[in-house]
Amino acid sequence: RVVAVIMVGGPTKGTRFRPLSLNVPKPLFPLAGQPMVHHPISACRRIPNLAQIYLIGFYEEREFALYVSSISNELRIPVRYLREDKPHGSAGGLYSFRDYIMEDSPSHIVLLNCDVCSSFPLPDMLEAHKKYGGMGTLLVNKVSAESANQFGELVADPETNELLHYTEKPETFVSDLINCGVYIFTPNIFSAIEDVLKQKKDRANLRRVSSFEALQSATKALPADFVRLDQDILSPLAGKKELYTYQTLDFWEQIKTPGMSLRCSGLYLSQFRHTNPHLLASGDGKRTATIVGDVYIHPSAKVHPTSKIGPNVSISANARVGAGARLINCIILDDVEIMENAVVIHSIVGWKSSIGKWSRVQGEGDHNAKLGITILGEAVDVEDEVVVVNSIVLPNKTLNVSVQEEIIL
Ligand code: GDD
């Protein structure tokens with residue numbers, strides 16, 4: 001049997017995701033109309049003999065209660081949220097719930113970061129892992145040499161795929177092959193974490209004995225029960241025939257910023273063509289809007305037949321899009337109203353916001369730049385004939401004049 005664990009972090013993580021994480025925990029922010037964490041969960045569903053899916057994080061329990069109960073019913077697989085009292089690090093968090101995870105006596109544990117966007121080739125990865133015969137297999141990907149330092153960089157044996165060397169976010173370039181934050185482990189991972197915890201405790205005890213110098217470094221040190229998967233486990237175990245790599249040739253991105261969430265929403269929409277075509281708006285029929293490319297429209301949204309939508313547009317529950325409106329590359333959240341002849345391009349429009357007649361909300365479409373897309377927080381009112389370009393607007397603002405390249409607090 002297999003158990004899947006998705007690390008969802010907590011409110012002190014994901015701060016780069018503001019202002020969108022002010023309303024909803026980042027893992028529940030919708031991409032292609034589904035909560036971010038829904039995509040790895042659906043991918044886990046394809047693993048043979050999957051017994052359970054756990055989400056581990058330090059958000060309040062109630063923030064995930066509704067989602068986990070509805071997704072458990074929908075997928076007919078138990079999905080549970082386990083709350084850490086405080087952050088223990090990516091490996092420490094996993095370790096603190098080892099009793100739950102081992103309840104089903106799994107032969108394998110699939111571990112995923114929730115903030116990555118991928119086709120998650122888990123069944124193939126599991127097969128490869130069984131052939132390698134090690135303790136763990138990492139999903140890896142080639143990225144541009146300039147962007148590699150945002151990730152764990154690694155070197156693998158081209159013949160055997162063994163992980164030979166691993167460095168987390170190095171300052172000097174090591175490799176353009178990076179860690180995707182998707183792993184398969186045998187239960188031996190728990191002994192490996194336990195060893196690290198023991199070493200940390202021993203070191204802390206030593207420090208207590210040796211006075212002043214120790215006091216200095218102890219103030220900088222992480223708590224003794226904090227264990228990071230990358231630095232504390234992967235780095236020391238590289239080159240010991242314990243860890244192997246599986247390279248994805250399909251799409252993979254990390255979702256740290258709103259700009260990247262817009263790009264990843266588009267990647268998931270295009271994946272729906274193969275996996276969930278019924279979720280994509282078809283645009284045929286006289287009473288529907290003109291649809292261009294991949295578009296998701298929630299069944300409760302009201303979209304005027306003379307509007308034109310797409311490509312890469314997701315429209316959430318109860319949103320209304322007026323006559324003659326034009327939407328391109330955007331996420332429209334719940335209860336938004338877009339009035340007649342308004343234009344929204346390269347933007348995210350927050351819950352309950354409204355965009356007036358003949359107004360324009362747009363970004364330049366650079367998903368990596370700070371002001372590369374326009375973001376309206378919750379309940380922002382853009383009045384008629386106002387133009388908002390490359391800006392971030394915090395919740396509850398009214399814009400009655402046009403703005404460009406501004407952060408409106
Ligand atoms: N439950 C819990 N508790 N989750 C945590 C904790 C914790 O204490 N700390 C981090 N996480 C979750 C985050 O929400 C995220 O999903 C995942 O664990 C990894 O977060 P970080 O440890 O902050 O690392 P990162 O995202 O900067 O980088 C990691 O992922 C990259 C791929 O996206 C590293 O493993 C990189 O090497 C890797 O390239």
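**View 1. V313 is a buried residue of the predicted model, with a relative accessible area of 0%.** The model shown in this and the other views is predicted. V313 belongs to strand β18, which covers residues 313–315. G324 is eleven residues from V313 in sequence, and the C-alpha atoms of V313 and G324 are 16 Å apart in space. The value of 0% for V313 is under the 20% limit, and therefore V313 is classed as buried.

**View 2. The ligand is surrounded by 28 residues.** Which residues are the closest to the ligand? They are K13, E84, E168, N179 and K256.

- For K256, an N or O atom of the side chain is 2.6 Å from an oxygen atom of the ligand.
- For G152, a polar backbone atom is 2.9 Å from an oxygen atom of the ligand.
- For M7, a backbone N or O atom is 3.1 Å from an oxygen atom of the ligand.

On its own the ligand has 730 Å² of accessible area, and the protein covers 92% of this.

**View 3. Several strands contribute to the shell around the ligand.** Two or more residues of the shell come from each of β1 (2–9), β4 (50–57), β10 (163–168), β11 (177–185) and β13 (252–254). Which element gives the most? Strand β11 does, with four residues. Sorted by class, the shell holds twelve nonpolar residues, nine polar residues and seven charged residues.

**View 4. Y54 and Y100 form an edge-to-face aromatic pair.** The model has eleven aromatic pairs in total. In the pair of Y54 and Y100, the ring centres are 6.5 Å apart and the planes make an angle of 70°. Y54 is in strand β4 and Y100 is in helix α4 (residues 98–102), so the pair ties together parts separated by 46 residues in sequence. Are the two partners buried or partly exposed? Y54 is buried, at 0% relative accessibility. Y100 is partly exposed, with a relative accessible area of 32%.

**View 5. F17, F29 and W351 are linked into a cluster by ring pairs.** A contact of another kind involves R98 and Y95. The charged end of R98 sits over the ring of Y95, at 3.9 Å from the ring centre.

**View 6. Helix α3 (residues 89–96) is largely enclosed by the rest of the structure, because six of its eight residues are buried.** Which residues of α3 are buried? They are G89, A91, G92, G93, L94 and Y95.

**View 7. The side chains of D294 and R273 make a polar contact of 2.6 Å.** D294 is found in the loop that runs between β14 (290–291) and β15 (295–297). With a relative accessibility of 13%, D294 counts as buried, because the limit for that class is 20%.

View 8. Most peptide bonds are trans. P19 lies in the loop between β1 and β2 (30–31).

**View 9. A32 and F120 have a positive phi, although neither is a glycine.** Most residues other than glycine have a negative phi. What is the phi of A32? It is about 55°. A32 is in the loop between β2 and β3 (34–35), and A32 is buried at 0% relative accessibility. The phi of F120 is about 45°. F120 is in the loop between β7 (116–118) and α5 (122–132). The relative accessible area of F120 is 1%, and F120 is buried.

Technical notes: Residues numbered from 1 in each chain as written. Predicted model: local features only at pLDDT ≥ 70, side-chain atom pairs only at ≥ 80, totals over all residues. Heavy atoms only, no water. Near = heavy atom within 4 Å. Polar contact = N/O pair within 3.5 Å; in protein donor to acceptor, adjacent residues only side chain to side chain. Areas by Shrake-Rupley, 256 points an atom, 1.4 Å probe, with all protein chains shown as cover. Nonpolar A, V, L, I, M, F, W, Y, C, P; charged D, E, K, R; others polar. Phe/Tyr/Trp six-rings, centres within 6.5 Å; stacked < 30°, edge-to-face > 60°. Buried < 20%, exposed > 50% of the residue type's maximum accessible area, 1.4 Å probe, protein only. Lys NZ or Arg CZ within 6 Å of the ring centre and 35° of its normal.
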